[in-house]
Structures are given as structure tokens and as C-alpha cells.
Amino acid sequence: MCSVVGYIGQRQSCALVMEGLARLEYRGYDSSGFACVDNETRRLMSAKSAGRLSQLVTRLQEKPIDGTVGVGHTRWSTHGVASEANAHPHFDCTKKISLVHNGIIENYLTLKKELEAEGHVFLSQTDSEVIAHLFERAFEQTKSCKKAVMQLVSQLHGAYAVVIVMEEHPELLIGIRKSSPLCIGVGDGEMFIASDVLAFAGKTDRVSFLPEKTFTLVTKDKAAVYDFDGQLLDLPVEKLDSVWTATEKQGHEHYMLKEIYEQKSAIYKTVSLCQSFGESVWNSIGISADLIKNTKRIKIIGCGTSWHAGRIAEFFFEEITRIPTTAVLASEFRYRTFFPELDTLYIAISQSGETADTLEVVRMLNAHGQKVLALTNVASSTLVRESEGFLLTQAGPELAVASTKAFTTQVAALYWLAARMALERTVISDGQFKQCQEELLMTANILENGLDAYKYQIFEKLALFYSNFSAFIFLGRHSTYPFALEAALKLKEIAYVFAQAYPAGELKHGPIALIDEKTPVCLFSHPDPLIYQKLLSNAQEIKARKGHLIVFAFEGQTELQALADTCLMFPAVNSHLAVLSMTGVMQLFMYAIARARGCDIDRPRNLAKSVTVE
Ligand code: F6R
């Protein structure tokens, strides 16, 4: 989503804020802006641009502005098109207050009408601009920054991370947080404020995370943090993990490619963290051993790729742990009738730990006294703070918008968890548990070997051929069906090619009408002999209708190989881990098609990493 970055200190803010924005641009990138109290004029100055951040950089080079206090923003449009007028920062009527906002103000129309009736003039179509005018009114009435913020938040409904710079108070940055993350980077004689620590990683390794419904008045030396009632809070300063500072592409053409190649190591790190818990595993992840032993049902919650990981894990928990499991979409689950069940374990999956839909479900579950285990990649995330327990994937920063290593580490962690729960419930033996762990690591090796084995064929042959098609069908059965959903999502989001995933058995119930030479069908096989036989029949149905067939198959599946127009073969593995073994090659294939089509792979159109609005 949008990113906000602010700086106050002895240095000039422009370069620091722009660097922070560049690092967060993957989160939202359809327009951007910067404002500061200018060194020379002592006036609040700003520059904005529609389009990518590079356009703002050019504008600032042509007409520089700078000062020791500044804020910047990259936008992912919710209210109003991506235009210069709608780009942040927004201003009050006097142009002495500027602010950037991430989130959605739900009651902005009512507030806007009220403010317009009072004579306030709006220049944009955004919900965010009302905050500037409301703050103007509040500051005029209270003559105090603190009181003005308290008045402001009592009038706003929705989610917001806001950073304010005022011409009258160039010694101050104001940050406000409700349902949208905001953190403070504590330096020596300088402070950063941003929606993500990546913005200032490398500049300082000390960070404070603003709790929910708080605000901060930040000077270059100090951040005073208050709750919305104005009570001063004592906020700990934490040390930033150095892994989150390694953000270069390291010779790869795109972050996505780099992240595809980091998967083996990310899986190893994730498994190693899980193993380090030893006997105190349930204490370490914060879920009672009693709940683990008595759980009758598991519900997994997530969105997008995280939901796909959850759908794959349904099979782990049902077949290894023997617990009925359903993975639900957070955005749908919220609006269904909810039946509280105390012997249900809820697992909320989110790479970022900031996805609004997932967080809202967690809040709803918490309100009903349900136990939620968070599975996330970000230790400092809201999801971790708001869940009963948490398990951290060790993917490291994932900067490409399309999720790759976060997905594989989620699948690996869920597989490990299913096996560990099975051991706790004496469904499997110690020896079987050890074997599960070994097979998991072996599968990470297979994933990486697949990349090496297929990269030339994929880049030099397959991508060139398949980039000419305008629609694809993806098929799978059992755990390879959610995998097909993930493959279709990858193709759609990075290559802008229409793709539809279906459970292979459903083909004959309608979609078979779509089969022709112009729509390649990509079928993901399964090592289980029974499921394989069924998939083989589906493949025959496709060939009988002159369909073009791409197959991901396992060693020994020669009948399927013989039917395929293109076949990618994988070593036989434990059938639960089949999807993990194919993941790297599937992602590389989709990446290569997008590359051949000349797409902006790391920053696909209309998208943003970390969807912090509903
Ligand atoms: C797709 C993708 C998204 C995310 C989804 C949830 O490649 O990245 O579908 O998986 O927006 O995000 P998280 O996992 O951060 O909750």
C-alpha cells in the first residue's frame, strides 16, 4: 500500500526521505510527493508527481527544495485517480500544514461536506486531504499540537498512519497510528518515522513501533508517545535485525528472481528456527500444549498467496496430524456467520503481518476469546502483536510484489508444524517426525536443483513460445489444485495474462468447453498413484480435444509425459511435499513469461505489496 517516510534532524531531509521512499516503493507506486520546511524560505514547500518515484526525483533535481524536516509518500490509489493533485502530501487551506497518509478515512465524505460548509477548499479527490483540514481546524481551536491531534483522532473513522510537518513548528514531526503501521527510527540527533523499518534500515538500528491508537511528537532528539487520551507512554526502543537491511538485487535482474533463488536457504533457516525450539516449542510459539493436544479443528486464515499456502496445508494437517482443517479467505470469512469454537486452533498467515483483511479477522477472533497463532515473516508486525502466539518464517525481506520465498517458507513452516503437532498428539513417532524434517530439507534441495536444471530451457525456449498466448488454464488435484491457483495468480499478476485455475476433476463440469489449441493447459501432477491416474485421464480428455498440454510430472509418470507438448519432470518425493518441489520451477516459468512480455516484474501495475486497506 502507500508508504510514508519522515525525517527530522541535522541533515537535509530530501535525500533521506527519497531513499526511504525508494526502498518502500514496492508497496505502492502510482504517484509520490515530498514536502519540507525549506532551508532558505523557512516556508513549507512541496513537489509531487504522478507515476513512478523516478519522476518525482527528476522534478526535485530540476527544482530542488530541502530542509532538516521533511515528509514523503508513495501512493497506491484508493480514493481518486493517480494524479499530481491526488498525490500526497496534502495541505490545509493556509498551506502551513502538510501531511502524508496511509490508510482509508471511512467518514471522509461527511467530514469533507462539513469542512466545505465552513469554507475549507479542497484540491484533491482523496480521503486524506480531510485530515489536513481537520487538523487545521483543531490546531486553530486548541493552539496545541498535542490537543489538536487528540481532537483530530476523535473525529476520524478508519485506518491511518499519518505524518505531519508544520511550518509553524519546524522542530517537530507528528506521527499518528490507527490500524496502519508506523515506526520511529531513533538516531543520534535525528529521527525517522516510516510505515516500515526498511525505510531507515542502515541509517539507524534502533526502532520503536508505535502501538495501536497512539501518536508521537518527534523532535530530532526525542519521541514523546501518547495514547489517544493524551497519556504519555513509555515505548521501548528495540534493536533492528540486520537481515532486514540486505535489500540489494545482488546481480539479479529483478528482486523476484533473486527471491526465487533464495528459497532453499530461506526454507533451511525456517526449519532450523523451528528445530531450535526443541521440547519448549509450544511455549516458544505461545500456544498452550493443552490446546495443541485437544484441538479438534484448525481454521487457517489468509489472503492471496498466503491463503494458497494455507489451502496446501489443509492436506498436511488432515493427513499427517489427523485434524479437520479448512483454509478460509480473510475477506470472505469476516462477513460470514461466525460460530465460536473453543477447541479450534486458528492460524493466521500473512507474509507482511499487516494485511488489513487478515488483521480484522484476528481482531474479531480475539474479541470472541479464540486462540490465534500468527504465521508471518515480520517479527515487528501488527499480526504478531495482536495474536496469542506466533511462528516466524525466515524468508528475510521480500521486495518483489509477487510473493515467492514467503510462500515456500509458509508451506515449509506449516508442514513442520503439522508434523510437530502430530508428534505431540502421538499420531506419529519420533522417528517419523525426524523423517518429515529430513524430507522437508531434501525437498528444498530439489526445488533449487530444479531451477538449475530448467533455467536454460525456460528462458531460451519455453518463455519465448508461451509469452505469445493470451490465456492459460491451470489444473491440479488434491494439494496440486491450490498450487495451480498460486501458479495462475503468479501469471496474472506479473505477466498480465488471463489465467484460470481449476480442480482437474471439475474440467468436465463446464470448463472443458474452453479447451482448444490457443489456450495452453498447464497440469500439475501428483505423486500419489491414485490421484495420478485421475490426472492422467484429465490429460487424455484435454488431448482428445486438441488442447495444448504443459505438464509438471514426477519421475516414472511416463504416460503423462508422453501426452504432454511440454513436460517438466521432478524427482519422486513424499507426496505431501510434491508442491514444494515444483514451486521454484513454476515461479521461474511464470517470471520468464512476464520477462519475455516486457512486464515490470517487481512492480506490476495496479498492485502493491502489503495490502493495508480492506
Ligand atoms: C501475490 C501476493 C499477494 C499476497 C496477499 C497477502 O503474489 O503476494 O496475494 O499474498 O496480498 O499478503 P500477506 O501475505 O502479506 O498477508
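Reader: What is the handedness of the crossing where helix 10 passes helix 14?

Author: In this predicted model, the crossing of helix 10 past helix 14 is right-handed. Helix 10 covers residues 304-321 and helix 14 covers residues 405-424; their axes come within 9 Å and cross at roughly 20 degrees. Helix 10 is therefore roughly parallel to helix 14.

Reader: Which residues of helix 10 meet helix 14?

Author: On the helix 10 side, T305, S306, H308, A309, G310, I312, A313, F316, F317, I320 and T321 take part. Their partners in helix 14 are F407, Q410, V411, L414, Y415, L417, A418, A419, M421 and A422. By class, the contact of helix 10 with helix 14 has 15 nonpolar and six polar residues, with no charged residues.

Reader: And helix 15, at what angle does its axis cross that of helix 14?

Author: The axes of helix 14 and helix 15 (residues 430-466) cross at roughly 170 degrees and come within 9 Å. Helix 14 is therefore roughly antiparallel to helix 15. In this contact, T408, A412, Y415, W416, A419, R420 and L423 of helix 14 meet D430, F433, C436, Q437, E439, L440 and L447 of helix 15.

Reader: How many charged residues does the contact of helix 14 with helix 15 have?

Author: Three charged residues belong to it, together with nine nonpolar and two polar residues.

Reader: What about helix 7 and helix 14: at what angle do they pack?

Author: Helix 7 (residues 263-276) packs on helix 14 at an angle of about 30 degrees, and the two axes are 9 Å apart. The crossing of helix 7 past helix 14 is right-handed. Helix 7 contributes Q263, A266, I267, T270, C274 and Q275 to the contact, while helix 14 contributes K405, T408, T409, A412, A413 and W416. The classes in this contact are six nonpolar, five polar and one charged.

Reader: Changing topic, how many cavities of 30 Å³ or more does a search of the whole structure find?

Author: The search finds two.

Reader: Which residues line the largest cavity?

Author: Its lining consists of C2, R75, W76, T78, H79, H88, H101, N102, G103, T126, D127 and S128. Strand 6 (residues 97-105) gives the most to this lining, with three residues. The lining of the largest cavity divides into eight polar, two nonpolar and two charged residues.

Reader: How do the residues lining the second largest cavity divide by class?

Author: That lining has eight nonpolar residues, no polar and no charged ones. The residues are F472, F474, L491, C522, I550, F589, M590 and I593. Strand 21 (471-476) and helix 19 (578-596) are the elements that give two or more residues to this lining. Helix 19 supplies the largest share, three residues.

Reader: Turning to the backbone, is the peptide bond from H88 to P89 cis or trans?

Author: The bond from H88 to P89 is cis, with omega near 0 degrees. P89 sits in the loop between strand 4 (69-75) and strand 5 (90-91). H88 is also among the residues that line the largest cavity.

Reader: Is the phi of S179 positive or negative?

Author: S179 has a positive phi of about 60 degrees, although S179 is not a glycine. Most residues other than glycine have a negative phi. S179 is placed in the loop between strand 8 (169-178) and strand 9 (183-186).

Key
Residues are numbered from 1 along each chain as its sequence is written. This is a predicted model: local features need pLDDT of at least 70, side-chain atom pairs count only at pLDDT 80 or more; totals for chains, interfaces and linings use all residues. Side-chain values use heavy atoms; hydrogens and water are left out. On a 1 Å grid over the protein atoms alone, a cavity is a set of points where a 1.4 Å probe fits but cannot get out, and a pocket is an open set with protein on both sides within 12 Å along at least five of seven lines; lining residues have an atom within 4 Å of a point. Grid points are joined across faces, edges and corners, and a volume is the space filled by probe spheres set on the points. Helices (H or I, at least four residues) and strands (E, at least two) are DSSP runs, numbered from the N terminus. Ala, Val, Leu, Ile, Met, Phe, Trp, Tyr, Cys and Pro count as nonpolar, Asp, Glu, Lys and Arg as charged, and the others, Gly among them, as polar. Axes are lines fitted to C-alpha atoms, for helices over the stretch in contact, and angles run from 0 to 180 degrees between N-to-C directions. Angles under 35 degrees count as roughly parallel, over 145 as roughly antiparallel, 65 to 115 as roughly perpendicular and the rest as oblique. A crossing is left-handed if the near helix is turned anticlockwise from the far one by less than a right angle, and right-handed if clockwise. Contact means heavy atoms within 4.5 Å.
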